[in-house]
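Please keep the sequence and the model side by side while reading.

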Amino acid sequence: MIEARHLRVLRAVASTGSFSAAGRELGCTQPAVSQQMKALEASVGTPLLVRTGREMRLTQAGEALVRHAAGIIAGLTAAEEEVAAIAGLRAGRVRLVSFPSGSSTLVPTALAALRAAHPGTRVSLEEAEPPRSVELLREGDCDVALAFRYEGAAGAEEWDDLVVRPLLTDRLVALVPEGHRLARTGAAGSEPTGSEPTGSVAIGELAREPWIAGCPRCRGQLVEVCEGAGFTPRIDFATDDYPAVVGLVGAGLGVAVLPQLAVESVRPRGARTVTLEPAVRREIVALTLPDLAQVPAVTATLDELARAGARQSAAR
């Protein structure tokens, strides 16, 4: 294996014409130069220098290696400088994948703080729901993935090989038209504010309602919760777009169950939120691979996401 330090010695010998002159240029002794040249020739398996008395000239192999050495050393120097910049958070790139309601609530706050603290770190954002976002992380197509899982759901071990940074716990809420009989389930005299739940209701009270379902994973959770309450929801509309869900509910076309984070990401015009009992929660997390967790830019991104999650929780 050719070592960079040996290439630097070879270039010095080629440019100065002797071991002693090369030693002076490199700040080492003549015997040290001689030793490193012998090690380099042993590595490549062929002589690189021909010594005739006090004169020294390169062999054909030596000339070839000197010709390539300049580019190799320049590349290594550039790599060292770039790595040092990344390690010091003066540069770096993080590829982030998030589900939509995370993209509109947690991610902007986190990335604004990251940019203010480390302006040289660039973050790209793509959207994907879990489990696809987790697959992208494992496939090497992103560095950090925002994901969620519902409490008590099967497959809790699915993230065992990943670094898991908890961000917040998100509760499901019911969304009903503002004129609905359950829209003012809260305390007497309280005034609904739209995204803030007005009171609580058992999901069984919505058994006879038409339903608007959200993303596939949330849709599956909805059916499971409803069946646990003794009924199967009649889903009239299904859409992955949360504003569309809110719009359909606001138009009086049905009711929905959405994560509170999703409701907070849109303005629920014409709709009111009601807390479900018993509580159904999902855990919002940021995921990365163990090796990536050691990269300073990734660590900084995880830290800011955690702070954004804490602020979101405190604001509720």
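1. **What kind of model.** This is a predicted model, in which local features need pLDDT of at least 70 and side-chain atom pairs count only at pLDDT 80 or more, while totals for chains, interfaces and linings use all residues. Residues are numbered from 1 along each chain as its sequence is written, and side-chain values use heavy atoms, with hydrogens and water left out.

2. **Confidence.** pLDDT is the predictor's confidence in each residue, from 0 to 100. Its mean over the chain is 87. Of the residues, 93% reach 70 or more. Residues 186-193 stay under 50. For that stretch the model has nine contacts beyond four places in sequence, a contact being heavy atoms within 4.5 Å. Where pLDDT is low, the predicted coordinates should not be read in detail.

3. **Helix 10, length.** Helices (H or I, at least four residues) and strands (E, at least two) are DSSP runs, numbered from the N terminus. Helix 10 covers residues 296-314. The expected span of a helix is 1.5 Å times one less than its number of residues. For the 19 residues here that gives 27 Å, and the end C-alpha atoms are 27 Å apart, so the two agree.

4. **Helix 10, burial.** Buried means under 20% relative accessible area, exposed over 50%, and partly exposed in between (1.4 Å probe, protein chains only). The buried residues of helix 10 include Ala297, Val298, Leu302, Ala306 and Gly309. Thr301 also lies in this helix. Its relative accessibility is 1%, so Thr301 counts as buried. Beyond four places in sequence, Thr301 touches Val94, Leu114 and Val123.

5. **Helix 5 against helix 10.** Two packed helices are described by the angle between their axes and the distance between the axes. Axes are lines fitted to C-alpha atoms, for helices over the stretch in contact, with angles from 0 to 180 degrees between N-to-C directions. Helix 5 (residues 100-117) and helix 10 have axes that come within 8 Å and cross at roughly 130 degrees. Angles under 35 degrees count as roughly parallel, over 145 as roughly antiparallel, 65 to 115 as roughly perpendicular and the rest as oblique. Helix 5 and helix 10 are therefore oblique to each other.

6. **Helix 1 against helix 3.** How do helix 1 (residues 4-16) and helix 3 (residues 30-44) cross? Their axes come within 9 Å, at roughly 115 degrees. These two helices are therefore roughly perpendicular to each other. Arg5, His6, Val9, Leu10 and Val13 of helix 1 meet Val33, Gln36, Met37, Ala39 and Leu40 of helix 3.

7. **Helix 2 against helix 3.** Helix 2 (residues 19-26) also packs with helix 3, the axes coming within 8 Å and crossing at roughly 105 degrees. This pair is therefore roughly perpendicular too. Phe19, Ser20, Ala22 and Gly23 of helix 2 make the contact with Gln30, Val33, Ser34 and Met37 of helix 3.

8. **Ala286.** Ala286 lies in strand 12. Its relative accessible area is 0%, so Ala286 is buried. Beyond four places in sequence, Ala286 touches nearby chain segments through residues including Val144, Leu146, Val163, Leu302 and Leu305. Ala286 and Val97 are 189 residues apart in sequence and 9.6 Å apart in space, C-alpha to C-alpha.

9. **Pro259.** Buried or exposed: which is Pro259? At 1% relative accessibility, Pro259 counts as buried. Its place is in strand 10 (residues 256-259). Its contacts beyond four places in sequence include Tyr150, Asp170, Cys218 and Arg282.

10. **Cis peptide bonds.** Most peptide bonds are trans. A cis bond joins Pro130 and Pro131, with omega about 10 degrees. Pro131 lies in the loop between strand 4 (122-127) and helix 6 (132-138). A cis bond also joins Glu277 and Pro278, with omega about -5 degrees. Pro278 is in the loop between strand 11 (271-277) and strand 12 (281-288).
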